[in-house]
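Subject: Structure for your files

Hello,

Here is the structure I said I would pass on. My notes on it follow below.

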Amino acid sequence: MQLDKAAAFFAVQTVADALSSDDKRMSVEQAAQGIIDLVNDHMVRDLRVMSVERGKARIGFTLVSFGGAGCLHV
């Protein structure tokens, strides 16, 4: 699948515009970084649920990344 750069830029620009205020403008890059940070936070929370909260120690396990953007988040 090929990325439509213009559509991706427009989508993130929409987020940046929604998060901007009259006195402070958010850039597309800042909005994109915020999206990545939010996704990473949710992934960490889910990993914690699947491991620590189920009584499994994280020591001795290996985290393996795969998929489209797996390595970006790891």
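Helices here are DSSP runs of H or I with at least four residues, numbered from the N terminus. The model is a predicted one.

By that numbering, helix α2 gives the most to a nonpolar patch, with 3 residues. The patch lies on the surface and is formed by Val15, Leu19, Ile35, Val39 and Met43, which together have about 370 Å² of accessible area. Both α1 and α2 supply at least two residues each to the nonpolar patch. Val15, for one, lies in helix α1.

The other finding is how the two helices pack. Helix α1 covers residues 5-19 and helix α2 residues 28-50; their axes come within 8 Å and cross at roughly 90°. Angles of 65 to 115 degrees count as roughly perpendicular, so α1 and α2 are roughly perpendicular to each other. On the α1 side, the contact is made by Phe9, Val12, Gln13, Val15 and Ala16, and on the α2 side by Val28, Ala31, Ala32 and Ile35. Sorted by class, this contact of α1 with α2 has 8 nonpolar residues, 1 polar and no charged ones.

Regards

How values were computed
Residues numbered from 1 in each chain as written. Predicted model: local features only at pLDDT ≥ 70, side-chain atom pairs only at ≥ 80, totals over all residues. Heavy atoms only, no water. Axes fitted to C-alpha atoms, helices over the stretch in contact; angles between N-to-C directions. Parallel < 35°, antiparallel > 145°, perpendicular 65-115°, else oblique. Contact = heavy atoms within 4.5 Å. Nonpolar A, V, L, I, M, F, W, Y, C, P; charged D, E, K, R; others polar. Patch = residues over 30% accessible without salt bridge, like charges linked within 9 Å, V, L, I, M, F, W, Y side chains within 5 Å. Areas by Shrake-Rupley, 256 points an atom, 1.4 Å probe, with all protein chains shown as cover. Salt bridge = Lys/Arg side-chain N within 4 Å of Asp/Glu carboxyl O.
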